[in-house]
Amino acid sequence: MTAQPASIRPAPLVAPDDIPYLPRGVRLQDDRVRGIRVLQAPERAMQLDAIGDAILGELDGSRSMAAIVSGLAARYNAPEDQIAGDVRDFLTGLIERRMVFVRQP
Amino acid sequence: MKDQQHQPRDLDGNPVTPGLPMAMLAEVTHRCPLACPYCSNPVELTRAAQELTADDWGRVFRQAADLGVLQVHISGGEPGARRDLAQIVAHARDAGLYVNLITSGIGITRERLEELDRAGVDHVQLSLQGIRPDMADRISGHPGSWDKKMHFAEWVKDIGFPLTINAVVHRQNLERLPDMIDLAETLGARRIEVATVQFHGWADLNRKALMPTREQAAFARQVVNDARVRLRGRMVIDYVPADHHAVFPKACMGGWGSTGLNVAPDGTVLPCHAAQSIPWMRFENVRDRDLGEIWQNSDSFNAFRGTGWMPEPCQSCDRKTIDFGGCRCQAMALAGDARATDPVCSLSPLHAQVVARAEADAGADTANLIYRRMRKGD
């Protein structure tokens with residue numbers, strides 16, 4: 001038997017200088033019946049927790065991931081490197097599903 | 001007594017708890033210029049005169065949104081066969097729903113597509129019957145369909161809609177799956193859905209001509225796996241395998257009456273698009289009753305909710321809350337009993353028989369198709 005790492009992180013699809021954004025057909029929305037926030041995308045509605053909502057709320061189409069991370073770290077008074085990892089993994093998952101796009105500055 | 005009336009119960013009388021639906025399939029018409037031999041519409045098609053009006057749909061969409069539905073899939077038939085499609089779309093957006101348009105691309109001009117953009121279509125899913133004119137036109141039974149689809153895909157790109165390609169695969173076109181994936185990429189699709197024909201209704205009439213072989217199913221799996229690695233971050237590939245070759249059944253609809261519902265052209269509300277193949281089941285209509293009441297309280301939606309109704313081997317199976325015993329319509333078709341374990345499950349006593357029949361159909365020496373048509377006078 002070989003030991004497996006507790007979690008295998010997929011290779012990131014977003015770099016610090018990249019500008020992540022919600023493309024056409026993807027939008028943040030209130031789910032008034034369930035009382036939560038959702039990300040609406042082609043044939044898929046994803047229920048968001050407070051962290052996911054906070055990250056996606058920062059995507060304004062002009063700021064880089066690094067700037068978004070700094071802003072979140074300041075706002076939540078959390079270590080920047082930890083926030084950076086969380087944001088990178090969360091966005092990578094959404095980029096894999098084509099629910100977030102990135103462009104170079 | 002009153003209490004009992006308000007407690008939803010499954011077909012055995014076990015209490016069940018309806019959840020909240022996420023998505024609704026709105027089949028706004030059964031009319032369609034194509035004649036695909038695996039059409040998911042029922043063999044008994046609804047005529048134009050029986051269709052709900054655009055205002056009826058508006059009322060249904062508002063009831064759906066109040067019930068928790070977030071997305072509507074506007075489909076058919078070909079939804080473009082409705083001249084008031086833009087009005088239907090606008091009603092859905094006004095209700096706060098995310099609008100997916102599921103189309104063959106036939107019969108919607110560029111001008112109409114721009115009108116649908118203004119009305120609020122969020123996303124377009126375009127069906128593909130094959131690659132290149134010979135296969136696409138033969139399978140769809142519509143000469144010229146390929147060229148029209150390729151024009152349509154260009155307009156979708158120009159306008160900027162997100163695009164999903166829906167490639168329906170079967171024995172006659174599975175070899176071309178790599179080309180279909182390449183085409184979706186060329187067209188700028190964000191996603192391709194590779195759906196193996198599900199053998200209900202019209203498709204069941206064409207089993208001998210369409211059933212994939214075991215080798216083809218393995219080939220398709222390999223193609224999909226390789227493409228997922230190659231296209232990571234560029235295009236999503238969703239894959240519905242041939243379930244006659246599976247070990248466990250699909251979790252049909254994510255569980256009966258749990259997350260989705262379907263409204264047919266005449267307003268009949270169905271737990272899934274094939275549910276009318278269960279002959280004893282009675283369905284309610286949005287013309288008579290509020291959609292929310294139908295979802296919560298109708299016998300059809302409650303019949304197979306939860307797990308209490310399940311027979312063995314499902315009842316004692318660890319997977320009963322994963323695949324919910326599989327597809328009720330497939331159980332009806334293959335076991336003659338909508339309550340039975342889906343016979344494609346390897347734990348079903350009928351499994352060996354089902355596999356043998358699928359293998360025999362896959363080896364049948366015929367390519368002849370029975371096309372989906374409305375009867376004369378329809």
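Modeller: B:Gln71 has B:Tyr98, a residue of β3(B), as its bridge partner. The two strands concerned, β2 (residues 71–75) and β3 (residues 98–103) of chain B, are parallel and are joined by four bridges. Helices (H or I, at least four residues) and strands (E, at least two residues) are DSSP runs, numbered from the N terminus, and two strands pair if DSSP finds at least two bridges between them. This is a predicted model, in which local features need pLDDT of at least 70 and side-chain atom pairs count only at pLDDT 80 or more, while totals for chains, interfaces and linings use all residues. Residues are numbered from 1 along each chain as its sequence is written, and chains are lettered from A and ligands numbered from 1 in the order in which they are written.

The pair belongs to an open sheet of nine strands in chain B, in the order β7-β6-β5-β4-β3-β2-β1-β8-β9, with mixed pairing. At its edges stand β7 (236–240) and β9 (269–270) of chain B, each of which pairs on one side only. In general, strands of a sheet pair through backbone hydrogen bonds, either parallel or antiparallel.

The loop between β2 and α3 (85–94) of chain B contains B:Gly77. The peptide bond between B:Gly76 and B:Gly77 is cis, with omega about 10 degrees. Helix α3(B) in turn packs against helix α4 (residues 110–119) of chain B at an angle of about 20 degrees, the axes being 8 Å apart. Axes are lines fitted to C-alpha atoms, for helices over the stretch in contact, and angles run from 0 to 180 degrees between N-to-C directions. Angles under 35 degrees count as roughly parallel, over 145 as roughly antiparallel, 65 to 115 as roughly perpendicular and the rest as oblique; α3(B) and α4(B) are therefore roughly parallel to each other. From α3(B), the contact (C-beta atoms, placed from the backbone, within 7 Å) takes B:Leu85, B:Ala86, B:Val89 and B:Ala90, and from α4(B) it takes B:Glu115, B:Leu116 and B:Ala119. By class, these residues are six nonpolar, no polar and one charged (Ala, Val, Leu, Ile, Met, Phe, Trp, Tyr, Cys and Pro count as nonpolar, Asp, Glu, Lys and Arg as charged, and the others, Gly among them, as polar).

B:Gln87 has its C-alpha 8.5 Å from that of B:Asp55, although 32 residues separate the two in sequence. B:Asp55 is part of helix α2 (residues 54–67) of chain B. B:Asp55 counts as exposed because it has 12 C-beta neighbours inside 10 Å (buried means 20 or more other C-beta atoms within 10 Å, exposed 12 or fewer, and partly exposed in between, with C-beta atoms placed from the backbone).

Elsewhere in chain B, the loop between α12 (299–303) and α13 (328–335) holds B:Pro313, which is joined to B:Glu312 by a cis peptide bond with omega about 5 degrees. B:Phe324 lies in the loop between α12 and α13 as well, and its phi is near 55 degrees, a positive value in a residue other than glycine. B:Phe324 counts as buried because it has 25 C-beta neighbours inside 10 Å. Most residues other than glycine have a negative phi, and most peptide bonds are trans.

Chain A contains three helices and five strands, which run β-β-β-β-α-α-α-β from the N terminus. Of its 105 residues, 25% count as buried. Three of the strands form an open antiparallel sheet in the order β2-β3-β4, with β2 (27–31) and β4 (44–48) of chain A as the edge strands. From one strand to the next the twist averages 35 degrees. Helix α1 (residues 50–57) of chain A packs on this sheet and touches β2, β3 and β4 of chain A, its direction making about 110 degrees with that of β4(A).

Between the chains, the contact involves 16 residues of chain A and 18 residues of chain B. On the side of chain A, β3 (36–41) and α3 (80–96) each supply at least two residues. That side has seven nonpolar, two polar and seven charged residues.

Note on methods. Contact = placed C-beta atoms within 7 Å.
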